[in-house]
Amino acid sequence: MPKALVGGRVIDGTGRDPIDDAVVLIDGDRIDAVFRRGEMDLADGTEVVDITGSTVMPGLIDCHVHVGVLADNSFLQVEDPTGLADLFMTTLLSHGVTTVRDTGNFDPDEVFRTFKEGKANWPRFFGAGTILDGPADPPAPWRWLAIIDDEDSARREASKLIDAGMDFLKVYVWATLPVLRAVVSEAHRRGVRVAAHVGHMVTVKEAVQVGVDALEHVRIGRELVSEDRMDELNGLTGRILDPLVGWQPWRFVDPHSGLADDLISLMAEKGTYITPTLTLSQAILLGNTPEAVNPAGLDEMPGAVQEQWTQYAYPFDYSDTDWEAAPVELRNQMAFIGRAQESGVNVTAGTDLTNPFVVPGHSMHEELRLLVEGCGFSPMDAIVAATSRAADLLGEGDDLGSVEKRKLADLVVLDGDPLEDIRNTQQITAVYKGGQPVTG
């Protein structure tokens with residue numbers, strides 16, 4: 001039986017003006033039509049859901065998560081990893097996250113199939129499986145890494161993952177430029193996109209030039225530091241986790257410099273996506289402040305999760321100088337992302353769940369807030385980054401990411417207008433996945 005959500009304001013996720021007093025007609029799992037009330041008659045027998053005064057928008061897409069690690073207990077040592085994975089996924093959906101993009105480090109066979117098949121009360125899942133990385137010193141501690149140390153191994157391991165059905169590939173921080181180039185070449189030959197966490201062995205500029213499709217985090221560094229500040233940067237004491245989250249260069253970066261302009265222009269020209277995961281940046285750079293260690297929703301997490309997050313901290317070896325510079329680093333990251341958005345770079349929203357104090361569901365709404373209040377996005381631009389542009393990053397723009405005819409009916413109904421205040425994305429009264437209400 002068709003279903004009609006009637007009387008709400010539709011923000012369709014494309015950036016177009018909202019439709020007031022609208023009807024969203026759902027037939028099966030897809031949207032059949034979107035129109036203003038009175039423009040079309042509803043067929044007899046249509047189930048009418050009155051949502052007058054509410055806002056309808058597409059389900060959110062978290063473009064950077066690591067939920068796959070929960071299922072095989074390679075992140076949190078808990079008694080019931082299956083139950084924990086279920087908790088994270090159901091929590092995500094209840095907070096309006098209807099799709100996740102998992103950027104790797106999980107079993108590309110059993111775990112991938114489990115999440116891909118999913119459940120009715122889980123978000124849709126797209127994943128990278130095993131992460132491709134160069135030999136690290138010291139070796140990275142994660143289980144699901146494939147070491148690629150030359151072009152032959154890069155193409156071989158990339159092919160394995162593509163053959164296994166991964167939705168995209170992920171290359172990590174210790175891979176060299178020739179190896180990264182080989183992965184991109186093999187993946188693109190077979191129609192698969194490549195995401196990269198670079199900035200250590202390979203600069204962002206180099207990664208963009210060899211055709212990486214998506215950049216993870218704002219791990220941009222030395223290439224944006226002017227020559228007159230380079231001695232200061234070189235004089236800093238390194239930290240153990242700098243290859244992963246080495247943001248020291250950001251204290252010397254001018255986001256409005258010619259160096260920043262050139263990189264932003266290159267990213268825009270190449271159509272590169274970037275998922276800045278500002279929620280993660282904030283969680284690290286705020287340190288052990290009450291704001292950082294008591295995020296919204298923390299009390300919804302099991303004690304084992306809260307305990308591990310409290311014990312494990314990225315910035316354990318930060319100096320007093322590092323802490324003094326941390327607010328500058330965060331501010332400059334956000335200013336750069338704001339300028340990238342203004343210049344047409346494909347910025348998408350993601351959180352880096354399951355890292356410490358990145359709470360499922362809640363963190364996605366925090367990411368939207370940071371895009372608006374920290375980076376200067378309009379609320380509409382932030383919504384696009386979390387919906388239609390995110391769907392395009394997945395290559396799923398024909399099915400996901402907007403409230404339009406023939407798209408899957410993944411919808412969030414809000415008691416409030418996020419265009420007036422982006423925090424209103426949290427005022428969820430109902431979530432639909434494939435036309436079926438899953439909460440509210």
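Predicted model: local features only at pLDDT ≥ 70, side-chain atom pairs only at ≥ 80, totals over all residues.
Take C63. Its nearest cysteine sulfur belongs to C375, and that sulfur is 15 Å away. A disulfide needs the two sulfur atoms within 2.5 Å. So at 15 Å, C63 is in no disulfide. Now look from the other end. For C375, the nearest cysteine sulfur is that of C63, again 15 Å off, and C375 is in no disulfide either.

Are these cysteines buried or exposed? C63 has 0% relative accessibility, so C63 counts as buried. C375 has a relative accessible area of 9%. The cut-off for buried is under 20%, so C375 is buried as well.

Next, helix α15. This helix covers residues 379-385, and A385 lies in it. A385 has a relative accessible area of 0%, so this alanine is buried. What is the separation between the C-alpha atoms of A385 and T275? The answer is 9.1 Å, for two residues that stand 110 residues apart along the chain.

Which residues form the negative patch? They are D149, D150, E151 and D152. Let me pick out E151. Its place is in helix α4, and that helix runs over residues 151-163. The relative accessible area of E151 is 43%. Buried is under 20% and exposed is over 50%, so E151 falls in between and is partly exposed. A patch residue needs over 30%, so E151, at 43%, passes that cut-off.

To recap. C63 is buried, at 0%. A385 is buried, also at 0%. E151 is partly exposed, in a negative surface patch. Over to you.

Note on methods. Residues numbered from 1 in each chain as written. Heavy atoms only, no water. Patch = residues over 30% accessible without salt bridge, like charges linked within 9 Å, V, L, I, M, F, W, Y side chains within 5 Å. Areas by Shrake-Rupley, 256 points an atom, 1.4 Å probe, with all protein chains shown as cover. Salt bridge = Lys/Arg side-chain N within 4 Å of Asp/Glu carboxyl O. Lys, Arg positive; Asp, Glu negative; His and termini not counted. Charge placed at Lys NZ, Arg CZ, Asp CG, Glu CD. Helix = DSSP H or I, 4+ residues; strand = E, 2+ residues; numbered from the N terminus. Buried < 20%, exposed > 50% of the residue type's maximum accessible area, 1.4 Å probe, protein only.
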